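This briefing concerns the charged side chains of one protein. Please consult the sequence and the model while reading.

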Amino acid sequence: LDAWRRLLAKQLTESGRTERFITLLSILMRRYLERQFALPARRRTTPEFLHQLGSCPLLSGEEKQFLMRFLERSDAVKFAKSQISAEECRTWADAVRQFLERRVR
């Protein structure tokens with residue numbers, strides 16, 4: 001959560017750097033998943049990672065669905081140059097925060 005707060009403090013979305021924001025948010029999430037669940041998230045493509053995630057018993061089906069949607073959307077922005085608004089970035093940031101907060105409890 002500290003890394004999440006630091007990312008938001010950079011105010012990337014407010015300065016129009018939405019692609020950079022979603023890229024860093026997805027890196028933050030992948031790093032968390034690696035550390036928390038020993039999943040090699042940063043060294044895998046999203047399809048490879050999602051395939052491996054399917055067999056992870058530590059995450060619920062809802063959590064896996066969230067991660068699939070989030071990582072696929074992030075990839076669309078990063079690699080397909082899909083547009084993302086500051087509002088959508090804030091929505092994803094809130095969803096990531098909620099995911100992290102649920103896992104910390």
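**Charged side chains and their pairings**

Lys78 counts as buried because its relative accessibility is 15%, where buried means under 20% relative accessible area, exposed over 50% and partly exposed in between (1.4 Å probe, protein chains only). The model is predicted: local features need pLDDT of at least 70, side-chain atom pairs count only at pLDDT 80 or more, and totals for chains, interfaces and linings use all residues. Residues are numbered from 1 along each chain as its sequence is written, and side-chain values use heavy atoms, with hydrogens and water left out.

- Lys78 forms a salt bridge with Asp75 (3.7 Å, N to O); a salt bridge is a side-chain nitrogen of Lys or Arg within 4 Å of a carboxyl oxygen of Asp or Glu.
- Both Asp75 and Lys78 belong to helix H4, three residues apart, about one turn of the helix; helices (H or I, at least four residues) are DSSP runs, numbered from the N terminus.
- Asp75 is also buried, at a relative accessible area of 17%.
- In helix H5, Arg97 and Glu101 are four residues apart, about one turn of the helix, and their side chains meet in a salt bridge (3.0 Å, N to O).

- Arg73 and Glu88 are joined by a salt bridge (2.7 Å, N to O).
- Arg73 lies in helix H4 (residues 61-79) and Glu88 in helix H5 (residues 86-104), so this pair ties together parts that are 15 residues apart in sequence.
- Arg73 is buried at 18% relative accessibility, whereas Glu88 is partly exposed at 24%.

**Overall count**

- The structure contains seven salt bridges.

Notes:
Helix = DSSP H or I, 4+ residues; strand = E, 2+ residues; numbered from the N terminus.
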